[in-house]
Structures are given as C-alpha cells and as structure tokens.
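This report concerns a single structural model. It is meant to be read alongside the sequence and coordinates.

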Amino acid sequence: KAAASIAKSPKSVTLKASPKSKSVSSLSARIGALSVDDENCVSKVVPDRIYSVACHPSPSSLVVCAGDKQGHVGLWNVDQVGEESNDTDGVHLFKPHNRV
C-alpha cells in the first residue's frame, strides 16, 4: 500500500499523497512495464520456486544469488550467458542443507 498523510480541515478530511507514496507508485509502474526481450537472458537458477534473491553490487559484473524452497542456492554470473566455451551459462547450483 502507498503511504498517505491525512490533512484535516474543519469541514472535511482529505488524503494527500506523501512524496514517498509517489515514488512507490512510480517504481511500481516502472517494474510493471519490464519485459524480457531476449530469451537468452533467462536462466533456471534453482530447480524449485524462488523464495529469496539477491544481487551482488559490483560495477564490473552482475552476479545474482537465488534460494528455493527445497534449500538449493544458485549463483548466476549473468555476464557469462552466451559464452561459447561455457556449458553452465554462468549458473552454479549448491545444496548446502537438506529440508527436514
């Protein structure tokens, strides 16, 4: 939900959008407009549904880590996608623990 502040006047109550809510709705609209134009930029990083994702903040390469509900952790070096000599497409899968 977007944040809003309430301004009371003697006769009515009006809602005014705060600057934060405008930025949230703007971000939501921008995210909603995203699309995948190149199927080569998509990779199956973990076998099951992703429950957690993080990106490494490096200016030289994009590395994404994802975790699924079964305990798999996948590391994806997005910059390696499409390299001819690489058969993993930059994806490395680990299972550090078992589900109990």
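The sections below cover the model, its sheet, its cysteines and a surface patch.

## Basis of the model

The model is predicted: local features require pLDDT of at least 70 and side-chain atom pairs pLDDT 80 or more, while totals for chains, interfaces and linings use all residues. Residues are numbered from 1 along each chain as its sequence is written, and side-chain values use heavy atoms, without hydrogens or water.

## Sheet

An open sheet is formed by four strands in the order β3-β4-β5-β6, with antiparallel pairing (strands are DSSP E runs of at least two residues, numbered from the N terminus; two strands pair if DSSP finds at least two bridges between them). Strands β3 (50–56) and β6 (91–94) stand at the edges with a single partner each, so one side of each lacks a neighbour in the sheet.

Within the sheet, β4 (residues 63–68) and β5 (residues 73–77) run antiparallel and are joined by five bridges. Val-63 has Asn-77 in β5 as its bridge partner.

## Cysteines

The structure holds zero disulfides (a disulfide is a pair of cysteine sulfur atoms within 2.5 Å). The sulfur of Cys-55 lies 9.6 Å from its closest cysteine sulfur, that of Cys-65, which is too far for a bond.

Cys-55 is exposed, at 55% relative accessible area, whereas Cys-65 is partly exposed, at 27% (buried is under 20%, exposed over 50%, partly exposed in between, with a 1.4 Å probe and protein chains only).

## Position of Leu-27

Leu-27 lies in helix α1 (residues 19–32) (helices are DSSP H or I runs of at least four residues). Leu-27 is partly exposed, with a relative accessible area of 45%.

Leu-27, Ile-31 and Leu-34 make a nonpolar surface patch of about 320 Å² (patch residues have over 30% relative accessible area and no salt bridge, with like charges joined within 9 Å and nonpolar side chains, Val, Leu, Ile, Met, Phe, Trp and Tyr, within 5 Å; a salt bridge is a side-chain nitrogen of Lys or Arg within 4 Å of a carboxyl oxygen of Asp or Glu; accessible areas come from the Shrake-Rupley method with a 1.4 Å probe, and for residues only the protein chains shown count as cover).
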